[in-house]
Amino acid sequence: MDEKENIKERNEICSRTLKTGSRTYFFDARETRAGDYYLTITESKKNFSETGEITYKKHKIYLYKEDFSKFQSILDDMIRFIINEKGREVISERHQKDFKNNHTYNQEIKDVQKKISEVKNFTNINFEDI
């Protein structure tokens with residue numbers, strides 16, 4: 001085993017993976033040169049190019065022990081806030097099975113409302129009186 005492999009082996013202490021759709025999260029406990037541990041959180045998102053080639057875009061956070069309690073406190077507060085405000089159900093249109101139909105329907109309603117508004121403005125007719 002060469003020195004590079006030995007450093008990598010010593011640096012990676014414990015790993016966990018969370019796969020969610022097109023994203024994968026890696027939680028890795030690593031070791032500093034001084035022998036202390038820190039956490040890296042990596043988000044890896046799968047992307048497809050126009051040619052169909054798969055690429056991965058990665059974002060990484062390094063979290064050190066001196067920041068754990070503050071980070072955890074703020075993360076817990078933000079999670080509670082979001083759940084209290086919007087609940088646990090995912091409400092994004094992109095997550096709905098009929099997103100395209102729903103989006104088209106909503107756009108059609110907006111288009112009709114715009115046309116009615118234009119007609120009202122053009123004719124000065126109060127449609128509530130009809």
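The model is predicted, so local features need pLDDT of at least 70 and side-chain atom pairs count only at pLDDT 80 or more, while totals for chains, interfaces and linings use all residues. Residues are numbered from 1 along each chain as its sequence is written, and side-chain values use heavy atoms, leaving out hydrogens and water.

**Stop 1: the largest pocket**

Select Phe27, Leu39, Ile41, Ile61, Leu63, Phe68, Phe71, Gln72 and Leu75, which line the largest pocket. On a 1 Å grid over the protein atoms alone, a pocket is an open set of points where a 1.4 Å probe fits, with protein on both sides within 12 Å along at least five of seven lines; lining residues have an atom within 4 Å of a point. The volume of this pocket, the space filled by probe spheres set on the points, is about 210 Å³.

Now colour by element: helix 2 gives the largest share of the lining, four residues. Which kinds of residue form the lining, by class? Eight are nonpolar, one is polar and none is charged.

**Stop 2: a nonpolar patch**

Helix 2 (residues 68-86) supplies three residues of the patch, while Ile61 sits in strand 4 (residues 54-64). Ile61 is partly exposed, at 42% relative accessible area (buried is under 20%, exposed over 50%, partly exposed in between).

**Stop 3: salt bridges**

The whole structure holds four salt bridges (a side-chain nitrogen of Lys or Arg within 4 Å of a carboxyl oxygen of Asp or Glu).

Select Arg23 and Glu43, whose closest N and O atoms are 2.8 Å apart. This pair links distant parts of the chain, strand 2 (residues 23-31) and strand 3, 20 residues apart. Is Glu43 buried or exposed? Glu43 is buried, at 19% relative accessible area, whereas Arg23 is partly exposed, at 32%.

Next, select Asp28 and Arg30, a salt bridge of 3.8 Å, N to O. Asp28 is buried at 10%, and Arg30 is buried at 13%.

Finish with Asp77 and Arg80, bridged at 2.7 Å. About one helical turn separates Asp77 and Arg80, because they are three residues apart in helix 2.

Note on methods:
Helix = DSSP H or I, 4+ residues; strand = E, 2+ residues; numbered from the N terminus. Buried < 20%, exposed > 50% of the residue type's maximum accessible area, 1.4 Å probe, protein only. Nonpolar A, V, L, I, M, F, W, Y, C, P; charged D, E, K, R; others polar.
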